[in-house]
Amino acid sequence: MKKVQFKSNYSQYFFLAPQLGILLIFLYWPIIQTFRDAFTMQDAFGFGRQFVWFDNFLFIFDDPAYFIAFKFTIIYSFVITLVTGAIGLLLAVNANNVMHGKSAYKTLLIWPYAIAPAVVGVMANYFFSERFGLLYHLFNDLWGFNWYESVFDSYIYLIIAGSWKQISANFIFFLAGLQAIQKSVIEASIIDCKSSFRRFWTITFPLLMPTTFFLIIINITYAFFDTFGIIDTTTIGAPSGETRTLVYKAYMDGFRGLDLGSAGAQSIMMMLIVLVITIFQFRYIEGKIHYN
Amino acid sequence: MIRYFSSNFSHLILLIGIFIMIIPVWLIFASSTHTALIINTQGLQFFLGDKFLENYTKVLLYEGGFFKEITVLKMFLNSFLMATGVAFLSVISSLMTAYVLVYFRVKYATLLFWIIFITILVPLELRIFPTYSVMSTLNLVNSYWGLIIPISASAIATLFFRQFYKTIPDELLESAKLDGANTWRFFIDFLVPLSKTMIVAMFIFMFVFGYNQYLWPILVTSSEQYWTVVMGLKMMSGSIVNKFAFVIMSMIPPVLIIIVLQKYFIKGIFQDK
């Protein structure tokens, strides 16, 4: 914190009011309602409300569809993080390696970041449609690809659709991370280690750890929440609900099924998952990585 | 220059990367300039056709929705209003909050810090139905404020502004105080001009974030008049080439902003001067 500060005075309330007001009304109020929904049950006509302890939670744990969504969400975030991280790093290392055209490469690689997930989904649709989808036919010729029926194939479809734009985000952050590494460190390492491949993994990559872990969180958040638009415009959960993320399932249960109790309980479960990941990030990972 | 491998190899990898990024969009764009008949019989096209003007003007005036209450042109206007509103509201409110967090000796500072930043862990998707019910209580369903405010309820920009203010030397406030600046003058005359790059970066970030919203506009706009571009895409019926044209047009605003203001965006996010 600053050593020199303004003393507490009335103008601070003026500066705090807009954001605090918005957060209290449009964020805290709904969160309180989420908890109320999760621990109560509405009667069929929506008049009465009854406190039911953890019934809504027990109900979702009894639901096999919840575990299918859980499994898909975990696999999906893991694969997206791995694929987009690896490709983003590969591109960033190479962009950092060239003498000429660095800024042109940067421009040509970051623009997909700006495209909405739902728009990416609509586009992916065209490449995976049975009628004229190029990738559909390519994969179909290779191994009989059919995402309408095969769970594995629908995973492939969503992984390709979900990774495409996220490569850009990984590329930008890795490139910035690489450029922040001090030249002298790398120059010293060249003297010690002749193999450039080993030099990368023993010197450069450990120095990129803060960026890597930041991106892991960014990618997991993306796979959890932002992929809603992709799924809703591509598989819509097909085949038989196998490709629904937890967010997608909660939305469907609340919207189509009008089961706000279950949607609330599912939201709280997800808040817990996000909280655990965040604590893990702060406690475990932040303590173990190197900063320059 | 530190090399890991030959520069030619790097160029090759980067070109493959660019190819993967550009080719899907190019195929859709090229196909959007043909007739539907060609697409339906021959599939996606690599070369440009001659129906560019015809297909694109048709889309702009296309009436969407069940009641035909909205044109694509109006959807673009709605998206623009929503994105600009989100960007303005969140940037201004975040700028002010971060100011208090860094420059004021506040009672309960830690509590205030947590009240604001814990919200980053609870994205809109996790409280979507209760947010809808709050909006309907406040009579904000089917309105521009209804589209804008819940998306602006985010402390992400606050976090960035706070980090940025902390890098500003203490001497700035000392000298401003000597000049007799009060809290308002210091904010407007010193802090805001200094944060220009950061403000532009956060504006771009929140504009793209607002423009790209999909789930929230679907829920909060039962009236077709408030439909936005990104949600309108799925609702659009019509011939395949018009859909292609709509997809291409929907990408243009955010992509253009990122490309044109790229320098500010990257400078702000990574805070390199």
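Reply: Let us begin with burial: a residue is buried if 20 or more other C-beta atoms lie within 10 Å of its own, exposed if 12 or fewer, and partly exposed in between, with C-beta atoms placed from the backbone. This is a predicted model, in which local features need pLDDT of at least 70 and side-chain atom pairs count only at pLDDT 80 or more, while totals for chains, interfaces and linings use all residues. Residues are numbered from 1 along each chain as its sequence is written, and chains are lettered from A and ligands numbered from 1 in the order in which they are written.

Me: Is B:Phe29 buried, partly exposed or exposed, and where is B:Phe29 placed?

Reply: B:Phe29 has 18 other C-beta atoms within 10 Å and is therefore partly exposed. B:Phe29 belongs to helix H1 (residues 7-31) of chain B; helices (H or I, at least four residues) and strands (E, at least two) are DSSP runs, numbered from the N terminus. The C-alpha atom of B:Phe29 is 9.9 Å from that of B:Gly49, 20 residues apart along the chain.

Me: How many helices and strands are there in chain A?

Reply: Chain A has 13 helices and three strands. Its C-alpha atoms fill a box of roughly 75 × 70 × 30 Å along the principal axes. Of its 292 residues, 41% count as buried.

Me: How is the packing of two helices described?

Reply: Two packed helices are described by the angle between their axes and the distance between the axes. Here the axes are lines fitted to C-alpha atoms, for helices over the stretch in contact, and angles run from 0 to 180 degrees between N-to-C directions. Angles under 35 degrees count as roughly parallel, over 145 as roughly antiparallel, 65 to 115 as roughly perpendicular and the rest as oblique. In chain B, helix H4 (residues 72-103) and helix H7 (residues 144-152) pack at an angle of about 45°, with their axes 9 Å apart. H4(B) and H7(B) are therefore oblique to each other.

Me: Which residues of H4(B) and H7(B) make the contact?

Reply: Two residues are in contact if their C-beta atoms, placed from the backbone, lie within 7 Å. H4(B) contributes B:Leu81, B:Met82, B:Gly85, B:Val86, B:Leu89 and B:Ser90, and H7(B) contributes B:Tyr144, B:Leu147, B:Ile148, B:Ile151 and B:Ser152. By class, this contact has eight nonpolar, three polar and no charged residues. Ala, Val, Leu, Ile, Met, Phe, Trp, Tyr, Cys and Pro count as nonpolar, Asp, Glu, Lys and Arg as charged, and the others, Gly among them, as polar.

Me: What are the angle and the axis distance for helix H7 and helix H10 of chain A?

Reply: Helix H7 (residues 151-180) and helix H10 (residues 209-226) of chain A pack at about 160°, with their axes 10 Å apart. That makes H7(A) roughly antiparallel to H10(A). Among the residues in contact are A:Phe173 and A:Phe174 of H7(A) and A:Phe214 and A:Tyr222 of H10(A). The residues of this contact divide into eight nonpolar, six polar and no charged.

Me: Which residues touch the most other members of the largest nonpolar core?

Reply: A nonpolar core is a set of buried Ala, Val, Leu, Ile, Met, Phe, Trp, Tyr and Cys residues joined through C-beta atoms within 7 Å. The largest one has 145 residues, and those touching the most other members are A:Ala92, A:Val119, A:Phe171, B:Val86, B:Met202, B:Met206 and B:Val247. The largest share of this core, 15 residues, comes from H4(B). Leaving aside residues up to four places away in sequence, B:Met202 touches B:Val91, B:Ala157, B:Phe160 and B:Gly268.
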